[in-house]
Amino acid sequence: MKIKSSTENLQVLYEDNHLIVINKRAGDIVQGDKTGDMPLSEIVKQYLKEKYHKSGEVFLGVVHRLDRPTTGIVVFAKTSKALSRLNMLFSEKESVTKTYWAMTDKVPMPTEGELQHWMTRNTEKNKSTAHKKEIKNSKRALLKYRLLLKMNNYHLIEIQLMTGRHHQIRAQLAAEGCTIKGDLKYGAKRSNSDGSIHLHGSEVVFYSSSKKGTY
């Protein structure tokens with residue numbers, strides 16, 4: 001059964017005066033799109049409005065996004081100043097570390113290492129392709145991975161993104177023959193019953209001049 005976030009069941013991992021960190025459910029869209037579905041950003045705004053009994057408009061800035069069928073950590077800014085600072089941090093890849101867990105039918109060999117591809121994007125199909133060599137209009141994609149757990153039919157892989165490309169993890173793993181469970185778009189044999197894929201944003205670490213944030 002698919003369960004979407006609401007103000008009643010919102011999973012708040014952390015909140016202070018500057019930001020709020022949410023555990024996104026599969027099916028939630030972080031920001032509004034052409035579907036017209038209620039985005040997570042609006043749900044969080046309503047949550048803050050009700051929690052603090054605000055009569056006026058609530059500010060909430062989207063710092064980064066996760067694909068709709070994935071789950072995991074999403075950071076929102078509660079002030080325009082915080083949004084500006086977080087946008088600057090997240091644009092500097094060395095300042096932010098994003099870690100993911102993926103359940104796949106196979107595992108890259110060796111079981112720990114780096115994957116480098118050159119990626120192209122088809123906006124009409126909302127799909128990216130990872131190529132072994134650089135081609136026209138492609139962008140370099142790099143990630144680190146390691147096998148965490150081997151099971152009978154699936155493997156749990158930890159992934160650390162070194163670049164931020166569209167559907168990067170999904171496309172790069174698919175290019176290595178390691179399909180994420182439930183990810184029909186990138187070659188999975190069957191879908192999950194709730195429409196999710198087994199890809200979870202497990203950790204976000206970022207640094208500022210005054211503190212280190214780990215969520």
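Modeller: Happy to! The protein chain splits into domain 1 (12-91) and domain 2 (99-200), with bounds that come from an automatic or database domain assignment. Before we zoom in, please keep in mind that this is a predicted model, in which local features need pLDDT of at least 70, side-chain atom pairs count only at pLDDT 80 or more, and totals for chains, interfaces and linings use all residues. Residues are numbered from 1 along each chain as its sequence is written, and side-chain values use heavy atoms, with hydrogens and water left out.

Now to the meeting place. The C-alpha centres of domain 1 and domain 2 are 25 Å apart. Eight residues from domain 1 and eight residues from domain 2 take part in the contact, where contact means heavy atoms within 4.5 Å. Between domain 1 and domain 2, about 620 Å² is buried, and carbon and sulfur atoms give 55% of that area. Buried area here is the accessible area (1.4 Å probe) that two parts lose on being put together, summed over both. On the domain 1 side, Asp-67, Pro-69 and Thr-71 supply 59% of the area buried against domain 2, more than any other three residues.

The term means a side-chain nitrogen of Lys or Arg within 4 Å of a carboxyl oxygen of Asp or Glu. Side chains of opposite charge can pair when their charged atoms come close. Across the interface of domain 1 and domain 2, the rule finds one salt bridge.

The same interface of domain 1 and domain 2 also has four residue pairs in polar contact, with both residues at pLDDT 80 or more. A polar contact is a pair of N or O atoms within 3.5 Å; within protein, one must be able to donate a hydrogen and the other to accept it, and residues adjacent in sequence count only if both atoms are side-chain atoms.

One of the pairs is Lys-78 with Glu-15, whose closest N and O atoms are 2.7 Å apart.
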